[in-house]
Amino acid sequence: MSSIAEPLLRVEDLHVEFQTEDGVVKAVDGIDYEVGKGRTLGIVGESGSGKTVAALTTLGLTRAQGTRISGRIVFEGRDLLSLPEVELRRIRGNEIAMVFQDSLSALHPLYRVGAQIVEAVRAHQDVSKAQAKARTIELLGLVGIPDPGRRVDDYPHEFSGGMRQRAMIAMALANEPKLLIADEPTTALDVTVQAQILALLERLRGELGMGIVIVTHDLGVVAEMADEIAVMYAGRIVETAATEALLAGPEHPYTWGLLRSIPTLEGPRVEQLAPIPGGPPSLIDPPSGCHFHPRCAYAQPEHARIDPELRTIPGPPAQPAHRVACLLEADVRRRLWSELQAGREPAQALTAAGLPRAQATDGPPESHA
Amino acid sequence: MSSPEPLVEVRDLVKHFPLTRGIVLKRKLGAVKAVDGVSFEVLRGETLGIVGETGCGKSTTARLMMRLLEPTAGTVHFDGQDITHTKGSRLKATRREMQMIFQDPYSSLNPRKTVGSIVAEPFAIHGLHRDRAERRQKVRELMDTVGLNPEHYNRYPHEFSGGQRQRIGVARALALGPKLLIADEPVSALDVSIQAQVLNLLRELQRGMGLTLVLISHDLSVVRHMCDRVAVMHAGKIVELADNEALYSSPGHPYTKELLAAVPGARRDRRTIHG
């Protein structure tokens, strides 16, 4: 679709580590991704998979004492990680903007919504207050706030959840960013409002040609929005592909788990959902080998020792490449997935694929306090 | 399929919250009609879903059913008895029969109490199992029922993950052996992978213990997965109440259609089939 030659944003081997009392938290553990102009990348994962930290790091918002960041984040040829704070401030909110997760706490409760957007405009543009306010009203109208001329003087608490989220998006769009990072933009919202917000983002991407990174735990949202999906687990990307390819032929057992644990509106009503057993692993002391192996129904003994790399799957070349970090053989994986889709249980699928029964852990393991 | 008499019968239930101005001399300006004439029945052993958007009155309806709120008008019958105006010890006795699971497993558990004492709280309130050893044994059984390790009796809520905390909430709700369980958005604060664990648990418990379940959610796919019948609420009224299959295959009310069309992923499935 668009030129793949020079992506808008290229993240290379990004590591983010936090020093804590309990040890070093490897929140992001070596991830790579690219976002092209006018393209949407969806980053999916559970809480604690490092997806938000990866997004915040792009804007330099995780810089602090006790944080170790390495790798490269190249935005239009500049490495954001090596930029000094002063220069980063010129990019932040201007060329790269972010929509934060919780709109109620992201907006200042004591300032009028309009004033906060005016501030964002005047931080990067040399315009008068009146001009900035006119621009703000225009922006609020753009994101579908009714009667923006009057609502611009409202306080955040006078807005509904959906309207606050729209105001956040208006603020992010104030300086027509080239890249928009949206962290769970619709998580706390009702379905009808969520559909409106997603449609809005889609429309703005078309009109302004923005690149979008959408961070969410909801595969439904990215399926609707994203051109490409990266699935994160324990600080790493475990599978990445074009949206259609990933949904039609997911390769990683974790992605299978995500897809199979969501009840859907279409298709037969299954008796039992297939949850992923256990909970997210500790990032201080992640499991050995493949980080997913303690929760994986198909793990083999050697998977506890070998750490899989993210590799392109065999088959006809795709753009973007379909890559997966899994130690199972490709044909075994495909066999397993087709068995699962036929409604078989993981144990039956294993037998059908000719693998020995694994020692999958049942029930939640103990949490790391 | 169901026994003739419903477990809960709600008739023309109304709850208005007055809007007032002034502190001493309160002037009434109007009323928020949170629930505005709602009638339905909950059959024994069924799972009834109540769906709707924020502010449609679904949680208020649940609180009225539990008598946590005083209705402005209308009646609530539970197990053949009119409980609309019961008070004191009789209300307390009725409350043993109905329990609630709350949305947020982070704020609905007291952080300074151990899991053991949180789950044992209903026994303390109702003066049951006064013998310490016996109470402890009961709590361990409950923890085991909901898939928690009974050895974690002395741990605090912060030592558990979100899904496990929700299990603690379920154990507490089951302590008194209720007939009716009302789950208000039980999984909306949880990760998708964990949601399925809790939903499966609720369904197993419902089947195994013959519980009647009212599931309140804004998530239409969760409701479709769990419920026998579904009530769709909008602006304080039930706009449609139908069997699960009927509602999702041929929604009757325009609002239901609108809700169904808005669910993301509905399009995904079609995309998957074509692609």
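1. The centres of domain 1 and domain 2 of chain A, taken over C-alpha atoms, are separated by 43 Å. Domain 1 covers residues 104-176 and domain 2 covers residues 249-352; these bounds come from an automatic or database domain assignment.

2. This is a predicted model, in which local features need pLDDT of at least 70, side-chain atom pairs count only at pLDDT 80 or more, and totals for chains, interfaces and linings use all residues. Residues are numbered from 1 along each chain as its sequence is written, while chains are lettered from A and ligands numbered from 1 in the order in which they are written.

3. Chain A contains an open sheet of four strands, with antiparallel pairing and the order β2-β1-β4-β5. Strands (E, at least two residues) and helices (H or I, at least four) are DSSP runs, numbered from the N terminus; two strands pair if DSSP finds at least two bridges between them. At the edges stand β2 (23-35) and β5 (78-79) of chain A, each of which pairs on one side only.

4. Strands β1 (residues 9-20) and β4 (residues 67-75) of chain A run antiparallel and are joined by eight bridges. Opposite A:R10 stands A:V74 in β4(A).

5. In the interface, 38 residues of chain A are in contact (C-beta atoms, placed from the backbone, within 7 Å) with 38 residues of chain B. On the side of chain A that touches chain B, two or more residues come from each of α8 (191-208), α9 (219-225), α10 (243-248) and α11 (253-260) of chain A. The largest share, five residues, comes from α8(A).

Notes
Two residues are in contact if their C-beta atoms, placed from the backbone, lie within 7 Å.
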